[in-house]
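Please open the model in your viewer and keep the selection tool at hand. The tour moves from one selection to the next and says what to look for at each stop.

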Amino acid sequence: MSFFYRILYRLGFTPWEEAAKHGPMREMTASLLDREQAGHEPPFGSALDLGCGGGLWSIELARRGWDVTGVDLVPKALSTARERAREAGVEVRFIEGDVTALRAADVGSGFRLVWDLGTVHGLTPAQRAAVGREVSAVAAPDATLLMLAWAPGRRGPMPRGASREDIEAAFAGWHVTDDDAVDVSEANVPRPVKKAQPRWYRLRRDGQS
Ligand SMILES: C[S@@+](CC[C@H](N)C(=O)[O-])C[C@H]1O[C@@H](n2cnc3c(N)ncnc32)[C@H](O)[C@@H]1O
């Protein structure tokens, strides 16, 4: 999977960034984040962006008042992310590392928000379970995890997706509190993405609502 992304970043082909500009997607992400921020004033605490890529969402979180760490495997994506953060005038800590080994990547701990737009659903079940263990180790006791995942399916080299059950299996000690479909019918994305039935999942640790 990392080879696939290295090629795409080298070609400058990042369709997920196009999808992010799409109205319904933007509105949905905004309302998900508004919910986590409701009743608090910035700074909201620390946020971890899993597979931050070119940094679009890390920068959005930082603009909103989160103290953000973004982690990704692909150096080219991270150099774009650093450049964009500079241009946006926000501070983000971008780290080269694997989301299945967050502690080895030294990302820190106590994250109140863990954000995953498009990374974990492309991993194998064993890798997803490793992410679950690592996120549990670095997240705060009251953390929220927001994850976008496509429905399971074979789509050539593209992510194979993950069901709600797959996600719950990977994140032991967490439960899904919300599970909402994203409307990409009008988005400027490749056809397989339109058919992928993306959903946003909100997870909290057991005992938290
Ligand atoms: C679909 S892209 C999404 C990027 C970013 N979240 C966004 O929305 O712009 C998936 C990202 O996950 C990264 N990635 C894939 N597997 C990874 C892993 N095991 N560890 C860290 N990053 C990974 C890729 O390099 C890529 O940047």
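Predicted model: local features only at pLDDT ≥ 70, side-chain atom pairs only at ≥ 80, totals over all residues.

Residues are numbered from 1 along each chain as its sequence is written, and side-chain values use heavy atoms, with hydrogens and water left out.

**The sheet.** Select the strands (DSSP runs of E, at least two residues, just as helices are runs of H or I of at least four, all numbered from the N terminus). Seven of them make an open, mixed sheet in the order β3-β2-β1-β4-β5-β7-β6, where two strands pair if DSSP finds at least two bridges between them. In general, strands of a sheet pair through backbone hydrogen bonds, either parallel or antiparallel. Now pick β3 (92-96) and β6 (174-181), which stand at the edges with a single partner strand each, so one side of each has no neighbour in the sheet. From one strand to the next, the twist averages 20° (axes are lines fitted to C-alpha atoms, for helices over the stretch in contact, and angles run from 0 to 180 degrees between N-to-C directions).

**The ligand.** Which residues come nearest to the ligand? Of the 17 around it, they are Tyr9, Gly51, Asp72, Asp98 and Val99, where a residue counts as near if one of its heavy atoms lies within 4 Å. Zoom in on Asp72, where a polar side-chain atom lies 2.7 Å from an oxygen atom of the ligand, and then on Leu117, where a polar backbone atom is 3.0 Å from a ligand nitrogen atom.

**Two loops.** Select Pro42 and Pro43, which are joined by a cis peptide bond with omega of about 0°; Pro43 is in the loop between α3 (23-37) and β1. Finish at Asp106, in the loop between β3 and β4, where phi is near 60°, a positive value in a residue other than glycine. Most residues other than glycine have a negative phi, and most peptide bonds are trans.

Key:
Polar contact = N/O pair within 3.5 Å; in protein donor to acceptor, adjacent residues only side chain to side chain.
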